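Student: I would like to go through this model with you, taking the strands and their neighbours one after another. Could we begin once it is on the screen?

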Amino acid sequence: MKVTKYEHSTLLVSIGDDNLIVDPGIYLSLADFSRVLAVVITHEHQDHWSPDQLNRILERSPDARILGPAGVAKAAADFEVEVVKAGDTIELGPFSLTFFGEKHAVIHESIPVPDNVGVLINDELYYPGDSFTIPDVAVGTLAAPLAAPWLKIGDAMDFVLAVAPERAFYAHDMTLSVAGKTSHIERLQWATEQGEGIFHALEVGESLDV
C-alpha cells in the first residue's frame, strides 16, 4: 500500500491501480487522480473538501463513492454521500475502511463542533481528521496533525505518544511558515521515536510504502 501526501490534509492511498483519496480540500493544487474507488471526507470544513475538488475527481472516476459523517452529507448535499460513523467498516476493492470517533476537536466555545470521523485503512494507516481520537487497535502508520486552530504542538505530541505508531508522518500543515513547520516536525519526530517508531517528514508528492 503506497501513501502519498498532498497539500495539507489530502492523502492518496494506492494499491496497484486502485486509489483512495482522503480529504481533498481547497489547498489541494491540480492533481489528476484516476481509478478512484472512493473519497473519504472526515468532516465538513473547506480545508478537507470542496465541491470543485469532488467534481474534478468524479469527472475522471464517476463511480467513486463518497464517504463521510452526517455533517458532510448535509454540507455536500449536491453529492451522493454515504454516511459513516464510529464502528462502521466498509470494504472497497482492496481497501478496508474502519471509522472512529464522532466530533471535531474543539476550536473555541463560540464555534460549533462538527461531526468528524477518523479512518483506519487496511488495519495499517490511521488518519484522525481534525480530532485526537485514539483508535482501540494497534496503528502501523499514523498521519499526525501538525498545526491547526484547534491544536497546540503539545497536544499533537501527546496524541502521537498515545497512539504509539510504528511509523508516522505529518499532515494538516498549511497554516505554518517554513520555520514553524520545521520546529513542529522535530517535536512530532521526538514523540514518534519514544515508542520506537520511525518518523517520515513527507513533503507534497512524496510517498511511503507501508
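Student: On strand β9 (residues 118–121), which residues point one way and which the other way, and are they buried or exposed?

Tutor: This is a predicted model, in which local features need pLDDT of at least 70 and side-chain atom pairs count only at pLDDT 80 or more, while totals for chains, interfaces and linings use all residues. Residues are numbered from 1 along each chain as its sequence is written, and side-chain values use heavy atoms, with hydrogens and water left out. Strands here are DSSP runs of E with at least two residues, helices are runs of H or I with at least four, and both are numbered from the N terminus; buried means under 20% relative accessible area, exposed over 50% and partly exposed in between, with a 1.4 Å probe and protein chains only. On β9, Gly118 and Leu120 point one way, Val119 and Ile121 point the other way, and all are buried.

Student: In β10, which residue is the bridge partner of leucine 120?

Tutor: Two strands count as paired if DSSP finds at least two bridges between them, and β9 pairs with β10 (residues 125–127) in the antiparallel sense over 3 bridges. Within β10, the partner of leucine 120 is tyrosine 126.

Student: Which residue of β11 stands opposite tyrosine 126?

Tutor: Strand β10 is joined by 2 bridges to β11 (residues 141–145), and these two run parallel. The residue of β11 that stands opposite tyrosine 126 is leucine 142.

Student: Where is histidine 43, and what is its relative accessible area?

Tutor: Histidine 43 lies in the loop between β4 and α1. Leaving aside neighbours within four places in sequence, histidine 43 is in contact with residues including His104, Asp115 and Asp130. Histidine 43 counts as buried because its relative accessible area is 0%.

Technical notes
Contact = heavy atoms within 4.5 Å.
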